[in-house]
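Me: I have a model open on my screen and would like to learn how to read it. Could you take me through its features one at a time?

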Amino acid sequence: MNPIYERSAPVVTVRGAEPGDAEAVRAIRNHAIEHSTALWTQTPQSPAEGAAWLAAHLERGSAFVAEAEGEVAGFAVYGPWRELDGYRHTVEDSVYVREGRHGLGVGSALLTALIASAREAGHHVMIAGIEAENAASVRLHERFGFQHAGTVREVGTKFGRWLDLTIMRLSLD
């Protein structure tokens with residue numbers, strides 16, 4: 001193939017998120033809110049809301065960003081699955097990749113860091129709640145050993161249709 005048409009995948013670097021990443025993370029979240037069923041809300045985050053949301057994850061040490069070619073190409077966080085004390089060893093993950101950066105290993109790099117961090121923090125199980133038709137996210141989680149725990153039908157709505165929630169779990173022990 002002619003070298004001018006060849007393009008190798010960019011190098012992806014994952015690091016702990018910082019307060020200065022709030023706007024890039026918010027832009028990725030807002031794109032998902034406006035254009036996908038990954039986040040079940042239709043209300044974009046304001047800059048203040050985005051900064052506060054990220055700050056809560058930074059305080060726990062559970063937020064990461066992936067950089068590629070000088071930009072934030074994605075982010076991942078984990079947080080409490082449920083607020084009650086009995087669930088304190090279970091966390092839920094969220095992995096988002098910037099539009100145009102899918103299929104380049106960004107999600108895999110982020111999920112690798114997220115799982116390692118949750119294990120190091122002593123968590124027992126990681127849960128993924130995925131809109132059932134999001135086959136790419138289901139496949140990503142399956143590659144990391146997440147198992148299908150069930151699908152709850154029509155528990156959310158967006159864009160004028162009912163959404164099913166697939167629950168996947170990974171033992172961290």
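What follows is a conversation about the core, strands, helices, pocket and loops of this model.

Me: What should I know before I start?

Reply: This is a predicted model, in which local features need pLDDT of at least 70 and side-chain atom pairs count only at pLDDT 80 or more, while totals for chains, interfaces and linings use all residues. Residues are numbered from 1 along each chain as its sequence is written, and side-chain values use heavy atoms, with hydrogens and water left out.

Me: Happy with that. Which residues touch the most other members of the largest nonpolar core?

Reply: The general idea comes first: in soluble globular proteins, nonpolar side chains tend to be buried together. A nonpolar core here is a set of buried Ala, Val, Leu, Ile, Met, Phe, Trp, Tyr and Cys residues joined through side-chain atoms within 4.5 Å. Buried means under 20% relative accessible area, exposed over 50%, and partly exposed in between, with a 1.4 Å probe and protein chains only. In this model the largest core has 25 residues, and V95, L110, L111, L114, I115, M126 and F146 touch the most other members. At least two core residues come from each of β2 (63-68), β3 (71-80), β4 (90-97), α3 (106-120), β5 (125-131), α4 (135-143) and β7 (161-171). The most come from α3, which gives 7 residues. These element names are DSSP runs numbered from the N terminus: helices are H or I with at least four residues, strands are E with at least two.

Me: What does M126 contact beyond its neighbours within four places in sequence?

Reply: Contact means heavy atoms within 4.5 Å. By that rule, the partners of M126 include Y78, V91, D93, L114, I115, F146 and M168. There is also a second, separate core of 15 residues, with I33, A63, V65 and F75 among them.

Me: Now the strands. How many bridges join β3 and β4?

Reply: Two strands pair if DSSP finds at least two bridges between them. β3 and β4 are antiparallel over 7 bridges, and Y78 stands opposite D93 of β4. β4 also pairs with β5, in the parallel sense over 3 bridges; V91 is partnered with M126 of β5, and E92 with I127 of β5. Then β5 runs antiparallel to β7 with 7 bridges, where V125 faces S171 of β7.

Me: Why are β4 and β5 described as largely enclosed?

Reply: Look at how many of their residues are buried. In β4 this holds for 6 of the 8 residues, so β4 is largely enclosed by the rest of the structure. In β5 it holds for 6 of the 7 residues, so β5 is largely enclosed too.

Me: How do I read a helix such as α3?

Reply: Compare its reach with the expected span, which is 1.5 Å times one less than its number of residues. α3 has 15 residues and reaches 21 Å from first C-alpha to last, close to the 21 Å expected. Its buried residues include V106, L110, L114 and A118. After α3 comes G122, with a positive phi near 85°. α1 (22-35) has 14 residues and reaches 20 Å, close to the 20 Å expected. The buried residues of α1 pack against α2, β2, β3, β4 and β6.

Me: Which residues lie nearest the centre of the largest pocket?

Reply: On a 1 Å grid over the protein atoms alone, a pocket is an open set of points where a 1.4 Å probe fits, with protein on both sides within 12 Å along at least five of seven lines; lining residues have an atom within 4 Å of a point. The largest pocket is lined by 49 residues, and A38, S94, V95, Y96 and S137 lie nearest its centre. Its space is about 1,300 Å³, a volume filled by probe spheres set on the points, which are joined across faces, edges and corners.

Me: Where is E69, and is it buried or exposed?

Reply: E69 sits in the loop between β2 and β3 and counts as exposed, at 51% relative accessibility. Although E69 is not a glycine, its phi is positive, about 50°. E154 in strand β6 is another non-glycine residue with a positive phi, near 50°.
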